[in-house]
Amino acid sequence: MAIRKGKVSETVIRRLPKYYRYLIELDDRGEDRISSQELSELTGFTASQIRQDLNNFGGFGQQGYGYKVAVLKSELENILGIPTIYKTILIGAGRLGTVICNYKGFLDSGFEIVAMFDRDERVIGSTVGNQVVRSVDELEQFMKDHEEVEVAILTVPKEGAQAIADRLVEAGIRGIWNFAPEDLEAPEGVIVENIRLTDSLLTLSYYLTERDR
């Protein structure tokens, strides 16, 4: 039985997708089992760290044997919620929004984009992927008519991002994946994942600078 996210550190949670990604590759190659040391060599995390991480959710391994690849992959799918399909809307039909809407692996991760919105009259009514872009003015009515929608992706400018988030929360959204260059605020019970692309680029810049010193 998986332990609830609130009882596990965010650092551990952020390592789980990397474990899962390598387990997919191992399973596709027909590998039957893997030790924590072998998984360490693939992921770059220590074997002890891997065992401690997985023990937060029950362990799943046997001393001297390691982990059954298919079993551990399945357990991580359940922990990460991959069997669940989250109905998702996307706000912002610009370049980034278009890329995300067309990304084939998005559904594989458990998120199905069911509608796309924008405020620009020039793009409203156009087609992105398999979605016709709607006016953001229709947002509340759409949410009222589609109560199954739980997640929103924001690829909008900084200005107005919080106002859109507030509207989404009021309309019943449970989770926001935010690409706007501003950390959004939301009430308890609404999960916000703020993605800062510039932070990642600056981290890369730091390591490149350190290498050349």
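With which residue does Lys 87 form a salt bridge, and how far apart are the closest N and O atoms? In this predicted model, in which residues are numbered from 1 along each chain as its sequence is written, local features require pLDDT of at least 70 and side-chain atom pairs count only at pLDDT 80 or more, whereas totals for chains, interfaces and linings use all residues. Side-chain values rest on heavy atoms, with hydrogens and water left out.

The partner of Lys 87 is Glu 112, the closest N and O atoms being 2.6 Å apart, where a salt bridge denotes a side-chain nitrogen of Lys or Arg within 4 Å of a carboxyl oxygen of Asp or Glu. Lys 87 belongs to strand E3 (residues 86-91) and Glu 112 to strand E4 (residues 111-118), so the pair ties together parts that are 25 residues apart in sequence; helices (H or I, at least four residues) and strands (E, at least two) are DSSP runs, numbered from the N terminus. Lys 87 is partly exposed, with a relative accessible area of 27%, and Glu 112 is likewise partly exposed, at 28%, given that buried means under 20% relative accessible area, exposed over 50%, and partly exposed in between (1.4 Å probe, protein chains only).

The structure holds 12 salt bridges. Among them, Glu 193 and Arg 14 meet through their side chains at 2.9 Å, N to O. Because Glu 193 lies in strand E9 (residues 191-194) and Arg 14 in helix H1, this pair ties together parts that are 179 residues apart in sequence. Glu 193 has a relative accessible area of 26% and is partly exposed, as is Arg 14 at 47%. A further salt bridge is found between Glu 138 and Arg 134, at 4.0 Å, N to O; Glu 138 is partly exposed at 37%, and Arg 134 is partly exposed at 31%. Salt bridges that share partners also join Glu 10, Arg 14 and Glu 193 into one network.

Helix H2 (residues 36-43) was examined for its buried residues, which are Ser 36, Leu 39, Ser 40 and Thr 43. These residues cover an arc of only 110° around the axis (taken over the directions from the helix axis to the C-beta atoms), which puts them on the same side of H2. The elements that cover them include helix H1 (10-28), strand E1 (33-34), helix H3 (47-55) and strand E2 (67-68), contact being defined as heavy atoms within 4.5 Å. Following H2 is Gly 44, whose phi is positive, near 90°.
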